[in-house]
Amino acid sequence: VFEGFEVRSDPYALHLFLILPEPWRAQEFAGAAQARGITVVPAGTFAVGRIEAPHAVRLSLGAVPRDQLRSVLAKLAELARGAPVSSRAVI
């Protein structure tokens, strides 16, 4: 589902971090996902101290019913392949 994207995870974890492509910012992506009924958490939420977090979101794989997981992840991949509303040209 995330072919062509950078994904960071441990093979035994129930979550993963999706590194967002340009021009996405984590907060903006989380809001766009929420508007589609999907909750993701910006990586900065998990940053310790004053380090700068990557533009990434954490996806909890255990939060989605197994029979819906692929569909939800596909929707997120499709969203990430697009552009945020704020970066689209206004004519």
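These legends walk you through close-up views of a predicted model. Residues are numbered from 1 along each chain as its sequence is written, and side-chain values use heavy atoms, with hydrogens and water left out. Local features need pLDDT of at least 70 and side-chain atom pairs count only at pLDDT 80 or more, while totals for chains, interfaces and linings use all residues.

**View 1. Here is the sheet, built from four strands.** Strands are DSSP runs of E with at least two residues, helices are runs of H or I with at least four residues, and both are numbered from the N terminus. The order across this open sheet is S1-S2-S4-S3, with antiparallel pairing. Two strands pair if DSSP finds at least two bridges between them. At the edges you will find S1 (6–8) and S3 (41–42), each pairing on one side only. S2 and S4 are joined in the antiparallel sense by five bridges. Look for histidine 15, which faces serine 60 in S4.

**View 2. Now meet the largest nonpolar core, a set of 22 residues.** Such a core is a set of buried Ala, Val, Leu, Ile, Met, Phe, Trp, Tyr and Cys residues joined through side-chain atoms within 4.5 Å. Buried means under 20% relative accessible area, exposed means over 50%, and partly exposed lies in between (1.4 Å probe, protein chains only). Leu18, Phe29, Val40, Leu59 and Leu76 have the most contacts inside this core. At least two core residues come from each of S2 (15–19), H1 (26–35), S4 (56–60) and H2 (69–81). H2 gives the largest share, seven residues. In soluble globular proteins, nonpolar side chains tend to be buried together.

**View 3. Which residues does leucine 59 touch?** Leaving aside residues up to four places away in sequence, its partners are Phe2, Leu14, His15, Leu16, Leu18, Val40, Leu73 and Leu76. A contact here means heavy atoms within 4.5 Å.

**View 4. Helix H1 has a buried side and a face turned away from it.** Ala26, Phe29, Ala30, Ala32 and Ala33 are the buried residues of H1. They lie on the same side of H1 because they cover an arc of only 165° around the axis, taken from the directions from the helix axis to the C-beta atoms. These buried residues pack against S2, S3, S4 and H2. Exposed Gln27 and Ala35 sit on the face turned away. After H1 comes glycine 37, with a positive phi near 85°.

**View 5. Finally, visit threonine 45, in the loop between S3 and S4.** Threonine 45 is exposed, at 54% relative accessible area. Its C-alpha atom is 9.2 Å from that of arginine 58, 13 residues apart along the chain.
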